[in-house]
Amino acid sequence: MVFHHVLQADNMKSIIFLVGPTAVGKTAVSIYLAKMLNTDIISCDSMQVYKGMDIGTGKPALAQLRQVPHHMIDVLSPVRNFSVADFRKKALDCIEVIKGKGKKVFFVGGTALYMRALIDGLFSSPPADRALRNRLLRQEKINGRGYLYKQLSRVDKNSAKLLHPNDTRRVIRALEVYTNTGIPISVLKKGTRGLKSKYSIKVFCLNRNRKELYNLIEARVDYMFKRGLLAESRRLKVKKLSMTARQALGYREVFGYLDGRLTLKAAKELIKKNTRNFAKRQLSWFRNDESIEWIDIDKEKPKEIAEILCKKLMK
RNA sequence: GCCGAGGUAGCUCAGUCGGUAGAGCGAGGGCCUGAAAAGCCCUGCGUCAUCAGUUCAAUUCUGAUUCUCGGCA
């Protein structure tokens with residue numbers, strides 16, 4: 001708390017991110033750090049934006065939400081689709097609000113793409129064109145695997161080179177952009193400006209040894225069931241979840257159980273496995289980012305980690 | 001104690017009519033711009049239980065040992 005005036009000076013030019021794989025312990029650390037910095041928390045998470053998806057997405061507890069003002073949590077009904085672009089737009093608004101209060105901008109979350117979209121920027125393009133995507137997908141089915149990839153190679157050789165022919169989703173996206181703008185996505189990507197052109201960005205990534213992380217993941221999944229993941233899933237099931245909300249880990253598998261495709265035990269194990277795999281993918285994304293400062297947690301308590309981060313920010 | 005089956009990749013197992021081995025799952029690594037908690041790609045040297053014998057050559061055949069699982073006592 002004594003650091004306020006010191007930090008105040010550069011509040012306007014620096015932005016902090018606290019990231020890390022799921023279950024590593026970001027939330028607890030973020031509460032302490034936000035208090036030390038006397039600021040709010042902006043969530044950088046693709047699933048915690050949804051209302052009613054609390055237990056399964058590992059949202060901060062009510063008590064934690066009361067201690068520090070949070071943004072980008074519970075901002076959308078789970079029947080609505082959500083995208084990086086939606087996130088970026090809303091998050092940029094949050095930044096303005098917090099800067100307006102003279103506070104430090106502090107993001108916390110595990111969705112690496114969303115962080116990148118903020119830091120590096122996103123080129124502007126028309127919103128997703130579902131009809132076109134479905135049409136393209138049909139073409140791929142009719143003409144065989146690799147058909148769309150060949151189409152893309154014709155119009156945008158550079159993007160095609162970066163994609164695997166089986167990566168249909170990205171091939172379709174690249175074709176969609178080209179069809180709707182007349183400009184190859186590979187060209188558009190070059191012309192983006194993000195937060196890093198205006199602010200100094202500091203990214204901390206929490207991590208722990210793999211075994212320990214996996215233990216935490218499994219314990220957390222067990223705890224989710226104790227807290228009522230089943231009941232929460234039932235409540236969500238009667239609404240019709242949007243395509244994006246439906247993808248959230250935990251609910252997917254529980255729906256499998258509720259539909260009788262999985263035993264409860266199998267569903268639980270599947271959630272654990274899928275979450276482990278997810279954490280691995282998150283780490284792969286963070287590792288690829290040279291500018292990240294890694295913070296290895298072993299036995300340290302959340303408060304101690306927060307203090308360490310705070311000291312680093314003073315320098 | 002006796003009879004039977006078996007010990008091969010982290011797990012479940014296949015296989016080698018003797019030329020040092022392969023699937024599934026798991027796991028590890030990577031990619032990533034409006035679905036990202038999604039999607040996509042790559043990765044299998046492992047004392048073939050141990051020791052000895054036969055053989056140019058044994059994980060494969062023979063014997064002993066050991067462990068596991070069934071059945072009978």
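Is Arg116 buried or exposed? Arg116 is buried, with a relative accessible area of 19%. Buried here means under 20% relative accessible area, exposed means over 50%, and partly exposed lies in between (1.4 Å probe, protein chains only). The surroundings of this residue come up again below.

This is a predicted model, in which local features need pLDDT of at least 70, side-chain atom pairs count only at pLDDT 80 or more, and totals for chains, interfaces and linings use all residues. Residues are numbered from 1 along each chain as its sequence is written, chains are lettered from A and ligands numbered from 1 in the order in which they are written, and side-chain values use heavy atoms, with hydrogens and water left out.

Start with the whole chain. Chain A has 15 helices and six strands. Its radius of gyration is 21 Å, close to the 20 Å that the globule rule gives for 315 residues, so chain A is as compact as a globular protein of that length. The radius is taken over C-alpha atoms, and the rule is 2.2 Å times the number of residues to the power 0.38. Helices (H or I, at least four residues) and strands (E, at least two) are DSSP runs, numbered from the N terminus. Along the principal axes, the C-alpha atoms of chain A fill a box of roughly 65 × 50 × 35 Å.

Now look at cover and surface. Of the 315 residues in chain A, 45% are buried. The chain exposes about 16600 Å², and carbon and sulfur atoms supply 53% of that area. Accessible areas come from the Shrake-Rupley method with a 1.4 Å probe; for residues, only the protein chains shown count as cover. Contacts tell of the fold as well. Among those in chain A between residues at least 6 apart in sequence, 77% join residues at least 24 apart. A contact means heavy atoms within 4.5 Å.

Next comes the sheet. Six strands form an open sheet in the order β3-β2-β4-β1-β5-β6, with parallel pairing. β3 (70–71) and β6 (293–296) stand at the edges, each with a single partner strand, so one side of each is left without a neighbour in the sheet. Strands of a sheet pair through backbone hydrogen bonds, either parallel or antiparallel. Two strands pair here if DSSP finds at least two bridges between them.

Follow strand β1, residues 14–19. Six of its six residues are buried. Ser14, Ile16 and Leu18 point one way from β1, while Ile15, Phe17 and Val19 point the other way. On one pairing, β1 meets strand β5 (residues 200–207) in the parallel sense over six bridges. Ser14 has Ser200 as its bridge partner in β5, and Val19 has Cys205. β1 also pairs with strand β4 (residues 105–108), again in the parallel sense, over four bridges. In β4, Phe106 is the bridge partner of Ile16, and Phe107 is the bridge partner of Phe17. From β5, the sheet continues to β6 through four parallel bridges. There, Ile295 is the bridge partner of Leu206.

Helix α5 (residues 112–120) brings us back to the opening residue. Arg116 lies in this helix. Seven of the nine residues of α5 are buried. They are Ala112, Tyr114, Met115, Arg116, Ala117, Leu118 and Ile119. Their cover includes β1, α4 (84–100), β4, β5 and α14 (264–287). Arg116 itself touches Gly121, Trp285 and Asp289, not counting residues up to four places away in sequence.

A last stop is helix α8 (residues 157–162), where Ala160 lies. Ala160 is buried, with a relative accessible area of 3%. It touches Tyr149, Leu152 and Ser153, not counting residues up to four places away in sequence. Ala160 and Ala174 are 14 residues apart along the chain, and their C-alpha atoms are separated by 8.5 Å.
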